[in-house]
Amino acid sequence: LLRFARGFLCLIWRNLFRTGHNLQERYGANTWACVTGASDGVGAAMAREGARKGLNVILVARNRPKLESVRDKILTECPDILVDIVIFDMASGFGETPNTLKLIKEKCDEINKRDVSLLAQFAGITEVGGYFDLPPALIRDIIELKCVSYPLITRHVGERMLTRNKRSGIVHCASVASAVESIPHYSVGGCTQKFNTFFMKSLSYEYRDKLDILALKLGHASTQLTGYDDPNAMGTVVPEEAVAGVLRDLGYEDETFGHWKHDTLWSWIDFVMRYIVPESLQQRFMSNKLQFHKKEITEKMKAEGGVVINSAYYK
């Protein structure tokens, strides 16, 4: 009960009274935000908001035309901001050859040519289904992206951040899956989310004197990957709302559910699942929720004739 009361008071405080740091004052004027997964969704929203806050932006993803579109939107809204593009497939795109250590280092060297004060990692792919039904290439790509590229980019860029005179920030996008012990039919993706939350919280303590480090335990967001679900549905946010929650808590917390909709809903669910509900019921609830959503998106895309972003996920 004491833990619940403390959590409730913290929830009220951060959602009603906390304002985020001024990024230029905290991290330095004329510095750069590097955003991975910047071509769509929350990553693109993070890049745009970083520019609005006065940071120059490096956009990282595998799709040049999409990155150029994001760049043009930023420059239209923030003409004084510099925007650079780095093309990098942080998974291996269902190819036979994973990224080498040399390639990842080369991409980071390209990024480190600028004074990067904020690294925000939002690249993502996902899966929902029985483990033995998943294509081996998809399993490897999910792990490659979240458990190889994420930490190695943070390793190379973060090391450079430690030499700066001001503080720097690092954000990894995980998910609400890290708030529960296990989720059937989300075995691989769930593990990578746990990994990133554990990783960020550990680094946050190790480098607390120099770095603001935050794990975003993102709930449901209306993005291309989720078929642009109704943003007014309970528990669903738009990318800009997710980013607002990140920038509110960066420099104050080591983990966050983000926007107040997710923060309120999942702080309650997290408490219930940890201390009240048996794990078997947690598993059933989360698994059924994910499978229902997968079916819903598949039917919506078929009806609308939309492009299936990750065919292995939606099959």
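Predicted model: local features only at pLDDT ≥ 70, side-chain atom pairs only at ≥ 80, totals over all residues.
**Stop 1: P135.** Select P135, in the loop that runs between β4 (116–121) and α6 (136–161). Is P135 buried, partly exposed or exposed? Its relative accessibility is 28%, so P135 counts as partly exposed, the class between under 20% for buried and over 50% for exposed.

**Stop 2: α6 against α7.** Move on to α6 (136–161) and show α7 (residues 187–206) with it. How are α6 and α7 packed, by angle and by distance between axes? The angle is about 10°, and the axes lie 9 Å apart. Angles under 35 degrees count as roughly parallel, so α6 is roughly parallel to α7. To display the contact, select I139, I142, I143, K146, C147, Y150, P151 and T154 on the α6 side. On the α7 side, select V188, G189, T192, Q193, F195, N196, F199 and L203. Colored by class, this contact shows ten nonpolar, five polar and one charged residues.

**Stop 3: S204.** Stay on α7 and select S204, which is in this helix. Is S204 buried or exposed? With a relative accessible area of 14%, S204 is buried, because the cut-off for buried is under 20%. Finally, show the residues that S204 touches: leaving aside those up to four places away in sequence, these are I213 and D254.

Conventions: Residues numbered from 1 in each chain as written. Heavy atoms only, no water. Helix = DSSP H or I, 4+ residues; strand = E, 2+ residues; numbered from the N terminus. Buried < 20%, exposed > 50% of the residue type's maximum accessible area, 1.4 Å probe, protein only. Contact = heavy atoms within 4.5 Å. Axes fitted to C-alpha atoms, helices over the stretch in contact; angles between N-to-C directions. Parallel < 35°, antiparallel > 145°, perpendicular 65-115°, else oblique. Nonpolar A, V, L, I, M, F, W, Y, C, P; charged D, E, K, R; others polar.
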